[in-house]
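Let me put the sequence and the model up on the screen, and then I'll talk you through it.

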Amino acid sequence: GPPAWLRSPVTWRAAAAAAAIAVAGGWALGRPPAPAPWPEGPAVTALDIGQGDAILLRGPDGSATLFDTGPPGAGGRAAPVVAALRRLGVRRLDALVLTHDSLDHVGGARDVLARMPVGAVLSPVPPRDGWLPWAQAALDDAGRRGVPGGELRAGSAFRVGPWGVRVLNPRGPQPPGADPNPWSLVALASAGPLDVLLTADAESDALRRLTIGPVDLLKVSHHGSEDPGLARELARLRPRAALISAGEGNPFRHPRPETLAALAAAGVAAWRTDRSGDVTAVLAGGTLRVSGTR
């Protein structure tokens, strides 16, 4: 059966999956030294990949887990996430987590799978009417490459390096024809005293139904789109800082002024990829430090 760090309900598509991610991490025996520069403590990075989401969890042991892959490449070029991972020194992933099937979240998955070893691909239980074509193609690619897969729902948990990940949403499969955003995979990632809420595109209409305590860092839902319930969630979550993944000059005007105002009113420092590039928060010496690359 699955190891202790991986609790049901999780359905593994391959028995090898438990061994594939068994961490310290998928490559526990003979793991090469962590590449440099590499964070000296648990770190979360919102990758600068344009309009989309790609959130990277790293550990000082060299472990790396990627939540979403941003949009696909254009003009025959690889997806932006490939260059983003390379500039951060990532040469393999212990796990790739796909939160839902929007193109700006999973569009780069096939390029990632083609260009580096991946220990496992994890995703929510399939929607009742099936995955959208680009998400299904990525999962099919993983299967053809022999990459183990697992299905996650509320209550699932796994560990990679210093990070323990607990899935809070969704509780079941997305109904036919439903808006995928509230059915996004929402996870609480914890490393020591650091708690990070990864929301994908699930806004306050979904978050308010979840049992979540205060967190240190919030990945703002849906690229900072307007969310009338955000102020109430900020009062409950009390994050110290927030990461916003949005593309420079995007046509949706993300992050929206209303969202930035709510964060400012709550005293939350907002870091955005369209202004600061790759934004990394690292726990070092008990202190949370956030920095951007531009």
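Predicted model: local features only at pLDDT ≥ 70, side-chain atom pairs only at ≥ 80, totals over all residues.

Residues are numbered from 1 along each chain as its sequence is written, and side-chain values use heavy atoms, with hydrogens and water left out.

So, the overall picture. We have nine helices and 16 strands in the protein. Those are DSSP runs numbered from the N terminus: H or I over at least four residues for helices, E over at least two for strands. Of the 294 residues, 59% are buried, and buried here is under 20% relative accessible area, with exposed over 50% and partly exposed in between, using a 1.4 Å probe and protein chains only. Contact is heavy atoms within 4.5 Å. Taking contacts between residues at least 6 apart in sequence, 63% join residues at least 24 apart.

Now the sheet. Pairing needs at least two DSSP bridges between two strands. If you look at β13 (residues 241-244), four bridges join β13 to β14, and the two run parallel. Alanine 241 faces alanine 269 of β14 there.

Staying in the sheet, find valine 186 in β10. How buried is valine 186? Its relative accessible area is 0%. The C-alpha atom of valine 186 is 5.5 Å from that of leucine 168, 18 residues apart along the chain. Leaving out residues up to four places away in sequence, valine 186 touches several others, including Val167, Leu168, Leu197, Leu198 and Leu210.

Most residues other than glycine have a negative phi, and most peptide bonds are trans. Where are the cis bonds? One joins asparagine 169 and proline 170, with omega about 0 degrees, and proline 170 is in the loop between β9 (163-169) and β10 (186-191). Another joins histidine 254 and proline 255, with omega about -5 degrees; proline 255 belongs to the loop between β13 and α8 (257-265).

Then positive phi. Aspartate 68 has about 70 degrees and isn't a glycine. You'll find aspartate 68 in the loop between β4 (64-67) and α2 (80-87), buried at a relative accessible area of 1%. Alanine 200, also not a glycine, has a phi of about 50 degrees. Alanine 200 lies in the loop between β11 (194-198) and α6 (204-207), and at 4% relative accessibility alanine 200 is buried.

Serine 184 is in the loop between β9 and β10, with 0% relative accessible area. A polar atom of the serine 184 side chain lies 2.9 Å from the backbone oxygen of asparagine 181.

Next, helix α7 (residues 230-237). Which residues of α7 are buried? They are Leu230, Glu233, Leu234 and Leu237. Those four cover an arc of only 100 degrees around the axis, which puts them on the same side of α7; the arc is that of the directions from the helix axis to the C-beta atoms. In general, an α-helix has 3.6 residues a turn, so residues three or four places apart point the same way. The buried residues of α7 pack against β11, α6, β12 (217-219) and α8. Just after α7, arginine 238 takes a positive phi of about 50 degrees.

Last, the cores. A nonpolar core is a set of buried Ala, Val, Leu, Ile, Met, Phe, Trp, Tyr and Cys residues joined through side-chain atoms within 4.5 Å. The largest has 30 residues, and Leu47, Leu66, Val81, Leu85, Val90, Leu93 and Val121 touch the most other members. At least two residues of this core come from each of β4, α2, α4 (109-115) and α5 (133-144). A second, separate core has 29 residues, among them Ala95, Val165, Val196 and Leu288.

That's my tour, and I'm happy to go back to any view.

Note on methods
Polar contact = N/O pair within 3.5 Å; in protein donor to acceptor, adjacent residues only side chain to side chain.
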